[in-house]
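Here is a short briefing on one chain. Look over the sequence and the structure first, then read the points below.

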Amino acid sequence: MSSVRKPITPKPPRQREKVLVILQEQCKQCGLCVEFCPKNVLCLDMTKYNRKGYHPVDACDIEACVNCEFCERICPDMAIFLADRDEAREAYEKGALEEGTIIPEFEAEKKEAK
């Protein structure tokens, strides 16, 4: 057993493998995802309406997301899912997302860059 102490090296920030994708036009404001998210990541955006006339779900605290996929499983309208980070990044940068589709993690990065 060595008596020499190892230096403490901080771990690099954790990066999630998948990103949360929200199809706000498919959301029917049922609130299941908001109610059952274990980390309180999701909330209803009461400032806007989608084409169906509902307040769509949004991510209030995307940093708290742990990719548990619970929102994806509980959403009856399949308006929320997790996508591969690289594929989502490519689509986001090309602008190949459908109208009303948001990727909160990339939106937050975009806001920080400004």
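Buried means under 20% relative accessible area, exposed means over 50%, and partly exposed lies in between (1.4 Å probe, protein chains only). By that cut-off, 34% of the 114 residues of the chain count as buried. This is a predicted model: local features need pLDDT of at least 70, side-chain atom pairs count only at pLDDT 80 or more, and totals for chains, interfaces and linings use all residues. Residues are numbered from 1 along each chain as its sequence is written, and side-chain values use heavy atoms, with hydrogens and water left out.

**Overall build**

- The chain has 4 helices and 5 strands. Both are DSSP runs, numbered from the N terminus: helices are H or I with at least four residues, strands are E with at least two.
- Read from the N terminus, the order of elements is β-α-β-β-α-β-α-β-α.
- The radius of gyration of the chain is 17 Å, well over the 13 Å that the globule rule gives for 114 residues, so the chain is more spread out than a compact globule. That radius is taken over C-alpha atoms, and the globule rule is 2.2 Å times the number of residues to the power 0.38.
- A box of roughly 65 × 35 × 25 Å, taken along the principal axes, holds the C-alpha atoms of the chain.
- Contact means heavy atoms within 4.5 Å. Among contacts between residues at least 6 apart in sequence, 65% join residues at least 24 apart.

**Surface and charge**

- The chain carries 18 positive and 21 negative charges, and their mean positions are 5 Å apart. Lys and Arg count as positive, Asp and Glu as negative; His and the chain ends are not counted. Each charge is placed at NZ of Lys, CZ of Arg, CG of Asp or CD of Glu.

**Helix α3**

- Helix α3 spans residues 85–94, and R85, A88 and Y92 are buried in it. They cover an arc of only 70 degrees around the axis, which puts them on the same side of α3. The arc is that of the directions from the helix axis to the C-beta atoms.
- D86, E87, E93 and K94 are exposed on the other side of α3.
- What do the buried residues of α3 pack against? Their partners are β1 (18–23), β4 (80–84) and α4 (104–113).
- A91 also belongs to helix α3. Not counting residues up to four places away in sequence, A91 touches A96 and L97.
- G95 follows α3, and its phi is positive, near 75 degrees.

**Helix α4**

- P104, E105 and F106 are buried in α4.
- The buried residues of α4 pack against β1, β3, α3 and β5 (101–102).
- K111 sits in helix α4 too. Is K111 buried or exposed? K111 is exposed, with a relative accessible area of 67%.
- K111 and K94 are 17 residues apart along the chain, and their C-alpha atoms are separated by 18 Å.

**Loop residues**

- P56 lies in the loop between β2 (42–44) and β3 (57–59). P56 counts as buried, at 1% relative accessibility.
- Leaving out residues up to four places away in sequence, P56 touches Q24, C27, C43, L44, D45, K48, Y49 and N50.
- D77 is in the loop between α2 (70–74) and β4. D77 is buried, with a relative accessible area of 19%. Apart from neighbours within four places in sequence, D77 is in contact with Q26 and K28.

**Positive phi outside glycine**

- N40 is a residue other than glycine, yet its phi is positive, near 55 degrees. N40 is placed in the loop between α1 (32–36) and β2. At 57% relative accessibility, N40 counts as exposed.
- N67 is not a glycine either, and has a positive phi of about 55 degrees. N67 lies in the loop between β3 and α2. N67 is buried, with a relative accessible area of 18%.
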